[in-house]
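Open the model in your viewer and keep the selection panel at hand. The tour starts at the ligand and then moves to one helix.

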Amino acid sequence: MGYSGFKVIKEGLFGQKGWKPVWRNPDPKPEYDVIIIGGGGHGLSTAYYLAKEHGITNVAVLEKGYLGGGNIGRNTTIVRANYFLPGNSEFYSHSLKLWEGMEQDLNYNTMMSQRGVLNLFHSDGQRDAFVRRGNAMINQGDDAILLSPEGVREQVPFIDFENTRFPIYGGLLHKRGGTARHDAVAWGYARGADQRGVDLIQNCEVTGIDIQGGVVKGVQTSRGPIRAKKVAIVVAGRSSQVAEMAGMRLPIESHVLQAFVSEGVKPVLNNVVSFGMGHFYISQSDKGGLVFGGDLDFYASYAARGNLPMAEHVMDAAMTLMPAIGKARVLRSWGGIMDMSPDGSPIIDKTDTDGLFLNCGWCYGGFKAVPASGFAYAHLIAKDTPYKTAAKFRLDRFATGQGLLDEEGTGSQHNLH
Ligand SMILES: Cc1cc2nc3c(=O)[nH]c(=O)nc-3n(C[C@H](O)[C@H](O)[C@H](O)COP(=O)(O)OP(=O)(O)OC[C@H]3O[C@@H](n4cnc5c(N)ncnc54)[C@H](O)[C@@H]3O)c2cc1C
């Protein structure tokens, strides 16, 4: 079933009775060409691009819960391509281009809103760093505009410009960045994959990975064993646990990241605003809720809920940046499990087991990566060679120390700064 404005009007006039389930609910077959473990954003986009770009459709996505119930449905939906260093910058640049064509490609309303991402700075040193970053973004082919304090005031008049500890020196505006509706992205990719014949199997937890003589043979699941020629792990915060089923110890720690949303208020924020000095960022949803968050909870955990000290820290930063926010009531808070890698950058690679692939390490920024990650992972699975924009996301960089990808561009590779 294709979606269109005409269809929406027709259904509105005739009682909304013509809509059909968006994907099938198949039982697992005994064998597939490819099994994808994890029905989050990255797993679903991988399945979609495997089918669309490579014609590989004898594929199952195995999800232990329901599609989109993991971090893909828990994030704060920010999409951007404002990375500084090569490795990440070309990858996220590709991702943003895929975001821009996603709704047409999927025939699905993902509510992509290029409202601009604004990074504030509060000192001369920070301004220099953002000038360099902006130039790197432009060299990559993306957009960046350096704003004066007055320029920032035009964009976001409701923040505190008089704060003595964090005076606003200006901001770096990335206009093509913005937000998209997170679970619609999962649903759109799920629908596209299902339409091309991929089996999306929910309530199916992978409990073991079958390997014989260094070659993957399939998986054990809560719904029985399933054979496969290739198995692709893409389970975000659960990466270490699932990789351990194949005897691997990953350089990944799982941490909680929280987010918060206020009651709906009238429009006060046009952009996504990032206040790095306070480890705080905020945007306003289409319903009017102020959606905001901060840093990790800083202890390893598999609990998808956070703790009060970080909630207090985030509220503190919110009041510092935008004191008026104190009048809004917080409606909800939640947490997700982040797969943190040592250099803040992801892994999309083959493993030492033939036919077993790994995609993880998305840290707190993997939503904006969903299209490019699926595109690159599908390429790797189909062709056994890395896709050009993800060529640096090798697993062995953590063993050799060669090719670490300092995500923030703030200094783990000192020779670059
Ligand atoms: C509060 C918060 C805010 C965030 N904000 C942003 C943001 O603004 N911008 C941004 O770019 N990123 C953001 N992120 C990060 C982003 O959400 C994640 O990096 C990304 O969603 C992870 O990839 P995924 O969607 O595939 O993960 P998930 O949706 O978690 O998918 C993994 C799936 O694997 C399944 N699984 C696990 N183990 C098994 C098993 N044994 N068998 C079968 N299935 C299994 C899980 O149930 C889950 O559904 C945020 C995250 C959080 C929590």
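A polar contact here is a pair of N or O atoms within 3.5 Å; within protein, one must be able to donate a hydrogen and the other to accept it, and residues adjacent in sequence count only if both atoms are side-chain atoms. This is a predicted model, in which local features need pLDDT of at least 70 and side-chain atom pairs count only at pLDDT 80 or more, while totals for chains, interfaces and linings use all residues. Residues are numbered from 1 along each chain as its sequence is written, and side-chain values use heavy atoms, with hydrogens and water left out.

Select the ligand and the backbone of Thr77: a backbone N or O atom of Thr77 lies 3.4 Å from a ligand oxygen. Of the 1,000 Å² of accessible area that the ligand has on its own, the protein covers 96% (Shrake-Rupley method, 1.4 Å probe; for residues, only the protein chains shown count as cover).

Of its 37 residues, Glu63, Asn71, Ile72, Thr76 and Lys368 come nearest. Strand β12 gives the most to the shell, 3 residues (strands are DSSP E runs of at least two residues, helices H or I runs of at least four, numbered from the N terminus).

Finally, select α9, residues 370–383. Of its 14 residues, 12 are buried (under 20% relative accessible area, 1.4 Å probe, protein chains only), including Phe375 and His379. Just after α9, Asp384 has a positive phi of about 65 degrees.

Notes. Near = heavy atom within 4 Å. Expected span 1.5 Å × (residues − 1). Buried < 20%, exposed > 50% of the residue type's maximum accessible area, 1.4 Å probe, protein only.
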